[in-house]
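Subject: Structure for your review

Dear colleague,

Please find below the structure I am handing over to you. I would be grateful if you could read the notes that follow alongside it.

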Amino acid sequence: MRALGPFYRERVGVSFATMAGSSLESCTCMYASCKECHELWRQYSLATVTHIQLADRLRFAALQNDLDLIETLTVETEGAEKTRTELRESIRQHEKSHKNGMFQAASQSQG
Ligand SMILES: [Zn+2]
């Protein structure tokens with residue numbers, strides 16, 4: 001009987017990461033050496049957490065019929081959602097530049 005080595009654990013780790021990032025075609029690991037990728041993904045996960053938290057608070061405010069809070073949180077939630085979408089698009093564009101080989105030019109901006 002063969003033991004399930006570290007490979008098995010790695011696979012589990014990867015599927016977990018995929019789950020956390022929903023439907024990502026490619027993850028950061030592909031461009032592990034790229035600081036911009038890391039930064040974009042870091043910002044994106046922050047924006048995701050912020051968005052989820054705001055949506056949660058909005059749901060709670062709605063339950064309590066707190067109209068003022070609902071209004072404030074609606075604006076904030078929409079803003080967070082927009083930020084999240086924009087970051088997702090930035091990642092898409094950035095990853096495209098990797099594929100086009102334009103990455104070297106991009107990586108030279110601000111060391
Ligand atoms: Zn990159």
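This is a predicted model: local features need pLDDT of at least 70, side-chain atom pairs count only at pLDDT 80 or more; totals for chains, interfaces and linings use all residues.

The protein chain contains four helices and zero strands, and its pattern along the sequence is α-α-α-α. Of its 111 residues, 9% count as buried. Among contacts with a separation of 6 or more, 56% are accounted for by residues 24 or more positions apart.

Helix H2 covers residues 35-63. Its 29 residues should span 42 Å at 1.5 Å a residue, and because its end C-alpha atoms are 42 Å apart, the model agrees with that expectation. The buried residues in H2 are Cys37, Leu40, Tyr44, His51 and Leu54. An α-helix has 3.6 residues a turn, so residues three or four places apart point the same way. Just after H2, Asn65 adopts a positive phi of about 55°.

Helix H3 spans residues 67-99. With 33 residues, H3 reaches 48 Å from its first C-alpha to its last, close to the 48 Å expected at 1.5 Å a residue. In H3, Leu73, Thr77, Ala80, Arg84 and Glu95 are buried. Just after H3, Gly101 has a positive phi of about 75°.

How do these two helices meet? The buried residues of H2 pack against H3, and H2 is in turn included in what covers the buried residues of H3. The axes of H2 and H3 come within 8 Å and cross at roughly 160°. Because angles over 145 degrees count as roughly antiparallel, H2 is roughly antiparallel to H3. The crossing of H2 and H3 is left-handed. The residues of this contact comprise 16 nonpolar, nine polar and six charged.

His38 lies in helix H2. Is His38 buried or partly exposed? His38 has 13 C-beta neighbours inside 10 Å and therefore counts as partly exposed, whereas His51, also in H2, is buried. His38 and Ile91 are 53 residues apart along the chain, and their C-alpha atoms are separated by 9.9 Å.

With kind regards

Methods:
Residues are numbered from 1 along each chain as its sequence is written. The expected span of a helix is 1.5 Å times one less than its number of residues. A residue is buried if 20 or more other C-beta atoms lie within 10 Å of its own, exposed if 12 or fewer, and partly exposed in between; C-beta atoms are placed from the backbone. Two residues are in contact if their C-beta atoms, placed from the backbone, lie within 7 Å. Axes are lines fitted to C-alpha atoms, for helices over the stretch in contact, and angles run from 0 to 180 degrees between N-to-C directions. Angles under 35 degrees count as roughly parallel, over 145 as roughly antiparallel, 65 to 115 as roughly perpendicular and the rest as oblique. A crossing is left-handed if the near helix is turned anticlockwise from the far one by less than a right angle, and right-handed if clockwise. Ala, Val, Leu, Ile, Met, Phe, Trp, Tyr, Cys and Pro count as nonpolar, Asp, Glu, Lys and Arg as charged, and the others, Gly among them, as polar.
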